[in-house]
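Work through the following exercises with the sequence and the model at hand, and try each task before reading its solution.

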Amino acid sequence: MESAIMEPEEIEPLIGEGDTDDIPGIGQYDDFHTIDWQRDIARDRMRHRYIVKKRQDSIWDLIKGAHDAWSGWVCVLLVGVCTGAVAGVIDIGASWMTDLKFGICPQAFWFNREQCCWSSDEMTFDQGNCSQWLTWPQVFGDSREGAGAYIIGYLFYIIWALVFAALSASLVRMFAPYACGSGIPEIKTILSGFIIRGYLGKWTLIIKVVGLILSVSSGLSLGKEGPMVHIASCLGNILSYLFPKYGRNEAKKREILSAAAAAGVSVAFGAPIGGVLFSLEEVSYYFPLKTLWRSFFCALIAAFVLRSINPFGNEHSVLFFVEYNKPWIFFELVPFVGLGIIGGCIATVFIKANIYWCRYRKHSKLGQYPVTEVLVVTLVTAVVAYPNPYTRMNTSQLIYLLFNQCGISNSDPLCDYDRNFTDVNSAIEKAAAGPGVYRAVWLLVLALVLKLVMTVFTFGIKVPCGLFIPSLALGAIAGRIVGIGVEQLAYNYPKIWPFSGECSTGDDCITPGLYAMVGAAAVLGGVTRMTVSLVVIMFELTGGVRYIVPLMAAAMASKWVGDALGRQGIYDAHIALNGYPFLDSKDEFQHTSLAADVMQPKRNETLAVITQDSMTVDDVESLLKETEHNGYPVVVSKESQYLVGFVLRRDLNLAIANARRTMEGITGQSVVMFAGGAGAGAAAAAALPAPPALPLNRILDMAPITVTDQTPMETVVDMFRKLGLRQTLVTHNGRLLGVITKKDVLRHVKQMDNEDPNSVLFN
């Protein structure tokens, strides 16, 4: 296991920065700082070269080398197994507690409604009720129907919802404030090379799991998919510490976190390939081929483990399996693209309203009362949701109902058509919609408005809450309504040309459930701006491989409409709102500024530098006290300003403190030496009986990335994106002029886009 640590004497400083594990803490980062990808990857390559070189020495070193080679695969295997197991626990807990709002199973209170009814031989499932399952009014000796029963049921629904939400919000507030929200904006930022200590820690993991079960059960308008990505990333972070190669190296750890994010989506939807594509398209920043294979393996293992736990108790590990496989008519692409446009509009309204509300919460007194806010939102949701059967039921059940085809067994008002089923196996005939369908459509319109408004207020409150399921529900409702409209059009006017070929036989040629599927993809695509991964997730989610083209058409239309109406998806908007230092690799920099315009300090101010061999320990410490910079350029002398290298503030502090503890005779008057050989300072020190010099060439990066003052900012921004830099030094004819940090780049981009540059908060 100790293969990641090497003896410092055995390696020459290959890149000007020998491996400095003899000074504890070097190579780590402070909270809310950006990592230096280049430096971390170089350190890992050196460590790897050393292991390969030692491999011939002994059998033990050979075993160490082999362990180092397979540790990445072992790590993602563990992440996959743990993610699958945790997802099973969440699914089982949430389904039991959701049903607890409606009633209880007296023989075995730990059964949910479905499991309670398995043991009964009754085949009459009216809304999934059987005699074993007691609703709350029955527990209190009332009948199942009637006004009294309705009021008791209503009260219990509200009380349980409030209890669950209060528990969830209190746990988050007391133990793990980072466990709130979906976590995807922060995971994106962390994967782009930012450190948020504790965000992926064990407390966050435990509270996120418990809080997620509670908040999903409380009936709030939220899903468990986004938080599953956060939970999987927490597991990836914790398990990476078993392997020093990943635990000690932030850039390498990001490879494990990318694979973990894929496993999170894989178990949330039962969509392993969609998970890998989601990690690639939406959350990951640096995604080499090796990470792609590992993500694929991790998602596969996680889906396999979840499948063997079988939390849904059916043969599909897929969330909303659909049975129909009717071909779609070419003409239907028109309403599908129309649904894409509707989805893009709904998504834009949602994003703008949600960001406005979150910004208001952030800057007003409301933000000081998180638990109260959660309770008010829960109370309003429960009171308004109960009367409407489509909002009262679990959101996943609602989506499943909307995706489904009307068959013989469906007793829902949505399937109240004037059909008489004579032969079970015959094709379903076209039929006029009965009064139940029209009533259901009105209830669905109400449900759409209610869900949209409630989700705006729910996403961002201080409980774990995801966005995928509410977005899918919004789209599925809109899609089902459009589908019923097109179906009735085909029934009433079968002779007009779009329907004339396929719909003249009398069989049902339009499937409203397919429209619900396409609408769900459209809204989710508009909200998150996913395209490829969205389509794959949707057909993995439903098993409807035949409908890839309709899904693609709707996803593209919705993305175009969303991009036209507002530039950012919901996650990017939340990153900007929180001021995280995230340089999006998808954006283009279109301005003509130069490096000299952005660098700090500006032309007439002085730059804080350290000379290579003429400053004492006291001089360096006073420089550290007076300035706040994360690092300092090292130059030949104050007069010449020729660049020697770059040294990090954290490393300087650690090295000086370490030298004072361990080296004899180091005082405030000792000269700090960054030059390799005996320089002028060393010669002077030999003449006088001065204290010994402090050699710090070990922590000096002698190959810092530099640009000239005339480099276009377009190139500089590209370097920051593609190389994952923390800072770059600006020179003119080899002399140092200034520094550009990631924060300077982000502020400059904001300024050029006429936004507030001070909204970038961190380094």
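**Exercise 1. In which sense do strand β3 and β5 pair, parallel or antiparallel, and how is the sheet around β5 built?**

Step one: in this predicted model, strand β3 (residues 610–611) runs parallel to β5, and two bridges join the pair. Within that pairing, I610 is found opposite V634 in β5.

Step two: on to the next partner, strand β6 (residues 643–648), which pairs with β5 in the antiparallel sense over five bridges. Here V634 faces G645 in β6, and P633 stands opposite F646 in β6.

Step three: putting the pairings together gives an open sheet of three strands in the order β3-β5-β6, with mixed pairing. Because β3 and β6 each have a single partner strand, they stand at the edges, and one side of each is left without a neighbour in the sheet.

Step four: look for a helix against these strands, and helix α26 (residues 649–662) is found lying across β3, β5 and β6, at about 75 degrees to β6.

**Exercise 2. How many of the five residues of strand β5 are buried, and which of them lie on one side and which on the other?**

Step one: a residue counts as buried when its relative accessible area is under 20%. Five of the five residues of strand β5 (residues 631–635) are buried, so the strand is largely enclosed by the rest of the structure.

Step two: sort the residues by face, which places G631, P633 and V635 on one side and Y632 and V634 on the other, so that both faces are covered.

**Exercise 3. Describe the open sheet that contains β9, β10 and β11, and find the helix that packs on it.**

Step one: three strands form this open sheet in the order β9-β10-β11, and the pairing is mixed. The edge strands, each pairing on one side only, are β9 (706–708) and β11 (735–741). On average, and with direction ignored, neighbouring strands of this sheet are turned by 35 degrees against each other.

Step two: follow the parallel pairing, in which three bridges join β9 to strand β10 (residues 727–732). T706 has L729 in β10 opposite it.

Step three: helix α28 (residues 713–723) packs on the sheet and touches β9, β10 and β11, while its direction makes about 60 degrees with that of β11.

**Exercise 4. Which kind of aromatic pair do W73 and F297 form, and which kind do W136 and F156 form?**

Step one: a pair of aromatic rings is described by the distance of the centres and the angle of the planes. The model has 25 aromatic pairs.

Step two: for W73 and F297 the centres are 5.6 Å apart and the planes make 70 degrees, which is edge-to-face because the angle is over 60. This pair links distant parts of the chain, with W73 in helix α2 (residues 59–100) and F297 in helix α12 (residues 289–309), 224 residues apart. W73 is partly exposed at a relative accessible area of 34%, and F297 is likewise partly exposed, at 24% relative accessibility.

Step three: for W136 and F156 the centres are 4.8 Å apart and the planes make 10 degrees, which counts as stacked because the angle is under 30. W136 lies in helix α4 (residues 136–139) and F156 in helix α5 (residues 147–175), so this pair ties together parts 20 residues apart in sequence. W136 is buried, at 9% relative accessibility.

Step four: look for charges over rings. The charged end of R294 sits over the ring of W73, 5.6 Å from its centre. R392 lies over the face of Y386, 4.2 Å from the ring centre, and Y386 belongs to one aromatic cluster with F102, Y150, Y154 and Y157.

**Exercise 5. What span should the 24 residues of helix α17 have at 1.5 Å a residue, and how far apart are its end C-alpha atoms?**

Step one: the expected span is 1.5 Å times one less than the number of residues, which for helix α17 (residues 435–458) gives 34 Å.

Just after α17, G460 takes a positive phi of about 115 degrees.

**Exercise 6. Is H574 buried or exposed, and which residues beyond its neighbours in sequence is it in contact with?**

Step one: H574 is located in helix α23 (residues 570–578), and at 9% relative accessibility H574 counts as buried.

Step two: leaving aside neighbours within four places in sequence, the contacts of H574 are P185, N354, I355, C358 and F459.

Key
Residues numbered from 1 in each chain as written. Predicted model: local features only at pLDDT ≥ 70, side-chain atom pairs only at ≥ 80, totals over all residues. Heavy atoms only, no water. Pairing = 2+ DSSP bridges. Helix = DSSP H or I, 4+ residues; strand = E, 2+ residues; numbered from the N terminus. Axes fitted to C-alpha atoms, helices over the stretch in contact; angles between N-to-C directions. Contact = heavy atoms within 4.5 Å. Phe/Tyr/Trp six-rings, centres within 6.5 Å; stacked < 30°, edge-to-face > 60°. Buried < 20%, exposed > 50% of the residue type's maximum accessible area, 1.4 Å probe, protein only. Lys NZ or Arg CZ within 6 Å of the ring centre and 35° of its normal.
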